[in-house]
Amino acid sequence: MTLGDCILIPYDHTAISNCRPFICANDDLNEFFSKDSINYSDQLLGKTYCFVSKEDSQLVVAAFTVANDSIKTTHLPNARKKVVQERIPHSKTTRSYPAVLVGRLGVSKEISGGGIGSEIMDFIKAWFIDPKNKTGCRYIAVDAYNEAIPINFYSKNGFKFLFSSEEQEVEYLKLKPTDKLKTRLMIFDLIILKS
Amino acid sequence: MAIAIKSIPVLKDKVAAAFIADADFNYTKKKASVDFSKQVAKAGKILAQAKL
């Protein structure tokens with residue numbers, strides 16, 4: 001099966017009641033899509049879409065949740081650091097890069113393994129470089145489960161870790177050094193794509 | 001409840017500098033270097049049939 005065999009619809013109360021339960025290979029994803037995704041949508045924190053089969057309209061092939069986000073930076077450029085710190089101690093350079101955060105993405109157990117996950121990533125990338133997109137979007141960010149299969153999947157699709165190490169990410173998230181990092185932030189720079 | 005979706009923290013100092021350097025490098029050296037026109041055309045067809 002490919003995305004061409006599917007229809008994109010919102011994953012809302014109607015979709016959930018019209019389709020068979022969406023089951024993918026990860027229990028946390030199943031919990032998210034069966035319960036939490038609607039709450040995210042109700043609070044306008046993230047919107048979930050799904051692909052349903054054209055042949056079997058009750059089959060949810062895949063689902064994903066997206067939210068507006070940004071990558072904000074604040075630092076002093078090295079060349080000016082000393083001078084600025086001496087004269088204006090609190091002056092910093094800040095930048096903000098608009099991004100879309102793919103909070104969760106899951107493929108049905110019935111379908112997985114055929115490359116449809118990569119097709120969905122390509123779709124999301126293409127969606128946000130479309131000239132009709134009404135707002136600018138520089139990066140796709142994903143909050144990937146910190147496990148070999150999802151990390152390898154996103155790496156294969158051109159994503160890089162936002163933080164160079166787990167220790168650095170733990171520090172930024174203000175977790176205890178002994179806490180296990182359940183997810184890793186990864187990014188893809190849309191600037192490299194030519195539409 | 002499933003694991004909450006993380007938001008992206010503000011990057012500071014060395015991490016911010018490295019990120020900006022990478023973003024600037026991609027803009028100046030790698031902009032539009034990957035032909036994605038087939039994927040864009042395919043996405044257009046999907047969106048044309050979508051029921052959003």
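Helices are DSSP runs of H or I with at least four residues, numbered from the N terminus. By that rule, N26(B) belongs to helix 1 (residues 13–29) of chain B. The model shown in these views is predicted.

**View 1. N26(B), a chain B residue in contact with chain A.** N26(B) sits within helix 1 of chain B, residues 13–29. Its relative accessibility is 4%, so N26(B) counts as buried. Neighbours within four places in sequence are set aside here; the remaining contacts of N26(B) are R138(A), D189(A), I191(A) and I192(A), plus K31(B).

**View 2. Chain A as a whole.** Chain A holds six helices and eight strands. Read from the N terminus, its elements follow the order β-α-α-β-β-α-β-α-β-α-β-α-β-β. Along the principal axes, its C-alpha atoms fill a box of roughly 70 × 45 × 30 Å. Of the 195 residues in chain A, 53% are buried. Take the contacts in chain A between residues at least 6 apart in sequence: 70% of them join residues at least 24 apart.

View 3. Strand 7 spans residues 183–189 of chain A and is mostly covered, with seven of its seven residues buried. Strand 5 (residues 139–145) of chain A runs antiparallel to strand 7 of chain A, and seven bridges join the two. Here I140(A) faces F188(A) of strand 7 of chain A. Strand 6 (residues 160–161) of chain A also pairs with strand 7 of chain A in the antiparallel sense, over two bridges. In this pairing, F161(A) has M186(A) as its bridge partner.

**View 4. Helix 4 of chain A against helix 5 of chain A.** Helix 4 covers residues 116–129 of chain A, and helix 5 covers residues 148–156 of chain A. They pack at an angle of about 50°, with axes 10 Å apart. That angle makes helix 4 of chain A oblique to helix 5 of chain A. Their crossing is right-handed. From helix 4 of chain A come G117(A), S118(A) and M121(A); they meet F153(A), Y154(A) and K156(A) of helix 5 of chain A. By class, this contact has three nonpolar, two polar and one charged residues.

**View 5. Helix 4 of chain A against helix 2 of chain B.** Helix 4 of chain A also packs on helix 2 (residues 37–49) of chain B, at an angle of about 90° and with axes 8 Å apart. The two helices are therefore roughly perpendicular to each other. Helix 4 of chain A brings E119(A), D122(A), F123(A), A126(A), W127(A) and I129(A) to the contact. Helix 2 of chain B brings Q39(B), V40(B), K42(B), A43(B), I46(B) and L47(B). By class, the contact has eight nonpolar, one polar and three charged residues.

**View 6. T65(A) in strand 3 of chain A.** T65(A) falls in strand 3 (residues 60–75) of chain A. Its relative accessible area is 2%, so T65(A) is buried. G46(A) is 19 residues from T65(A) in sequence and 6.1 Å away in space, C-alpha to C-alpha. Leaving aside neighbours within four places in sequence, the contacts of T65(A) in chain A are F32(A), F33(A), G46(A), K47(A), T48(A), L101(A), V102(A), G103(A) and R104(A). From chain B, I5(B) is in contact with T65(A).

**View 7. C24(A), a buried loop residue.** C24(A) lies in the loop between helix 1 (13–18) and helix 2 (27–42) of chain A. With a relative accessible area of 3%, C24(A) is buried. Beyond four places in sequence, C24(A) touches L29(A), N30(A), G106(A), V107(A), S108(A) and K109(A). I111(A) is 87 residues from C24(A) in sequence, yet their C-alpha atoms are 9.0 Å apart.

View 8. L44(A) is not a glycine, but its phi is positive, near 60°. L44(A) lies in the loop between helix 2 and strand 2 (47–53) of chain A. Its relative accessibility is 77%, so L44(A) counts as exposed. K174(A), also not a glycine, has a positive phi of about 60°. K174(A) lies in the loop between helix 6 (166–172) and strand 7 of chain A. At 71% relative accessibility, K174(A) counts as exposed.

How values were computed
Residues are numbered from 1 along each chain as its sequence is written. Chains are lettered from A and ligands numbered from 1 in the order in which they are written. This is a predicted model: local features need pLDDT of at least 70, side-chain atom pairs count only at pLDDT 80 or more; totals for chains, interfaces and linings use all residues. Side-chain values use heavy atoms; hydrogens and water are left out. Axes are lines fitted to C-alpha atoms, for helices over the stretch in contact, and angles run from 0 to 180 degrees between N-to-C directions. Angles under 35 degrees count as roughly parallel, over 145 as roughly antiparallel, 65 to 115 as roughly perpendicular and the rest as oblique. A crossing is left-handed if the near helix is turned anticlockwise from the far one by less than a right angle, and right-handed if clockwise. Contact means heavy atoms within 4.5 Å. Ala, Val, Leu, Ile, Met, Phe, Trp, Tyr, Cys and Pro count as nonpolar, Asp, Glu, Lys and Arg as charged, and the others, Gly among them, as polar. Buried means under 20% relative accessible area, exposed over 50%, partly exposed in between (1.4 Å probe, protein chains only). Two strands pair if DSSP finds at least two bridges between them.
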